[in-house]
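Try each task before reading its solution.

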Amino acid sequence: MHFYLLLLLSLFVTNLDAQSKIYLKDYYSSGQLKSEGWMQDELKQDYWIFYHSNGHKSAQGSYDQGEKSGYWFFYNEHEKLIKEGHYQKDQEEGWWTFYDLAAQKESRCQCRDNLKHGYCLIYEKGRLKRVDHYHKGQKIRTWSTLSAFRKDNPEVKFR
């Protein structure tokens, strides 16, 4: 009898947990979908998608207890990728890739606490153009060639 009571209690608690997680859709005043994703205990949880007012996707990624976490993608109004990278506890962390589609530029930058912090590799038309060094969002040095960068920084290795 005790086993069945524990089983029943376990099923009840599991059902309560399942009910506390809901799929939510939010809309612009125009009726266009603005965002959609999971809510649990009144916090964004798991996978979410956000949309521009024109209906094109603006961002997608996951939340952990209301904070951005894991890999995220961001798009312009034409749904062209503009940046992608990792979040840790709602902060941009590690290597991020930024795209400037009009100028055919791309950069891969180290970030910490939502700021460029570390090295930034700047590419143009697929070729490395320069290397910038940032400290807490402020550019502190630029190397115009990879050989000049390597001469000054022999210990730094990029994959």
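Contact here means heavy atoms within 4.5 Å. This is a predicted model, where local features need pLDDT of at least 70, side-chain atom pairs count only at pLDDT 80 or more, and totals for chains, interfaces and linings use all residues. Residues are numbered from 1 along each chain as its sequence is written, and side-chain values use heavy atoms, with hydrogens and water left out.

**Exercise 1.** Find what Thr 97 is in contact with, leaving aside neighbours within four places in sequence.

*Solution.* Start by locating Thr 97 in strand S7 (strands are DSSP runs of E, at least two residues; helices are runs of H or I, at least four; both are numbered from the N terminus). Next, list the contacts of Thr 97: Ile 82, Lys 83, Glu 84, Glu 106, Ser 107 and Arg 108.

**Exercise 2.** Work out which residue forms a salt bridge with Lys 21.

*Solution.* First, apply the rule: a side-chain nitrogen of Lys or Arg within 4 Å of a carboxyl oxygen of Asp or Glu. The partner is Asp 46, with the closest N and O atoms 2.3 Å apart. Then place the pair: Lys 21 is in strand S1 and Asp 46 in strand S3, 25 residues apart. Lastly, Lys 21 counts as partly exposed because its relative accessibility is 28%.

Technical notes
Buried < 20%, exposed > 50% of the residue type's maximum accessible area, 1.4 Å probe, protein only.
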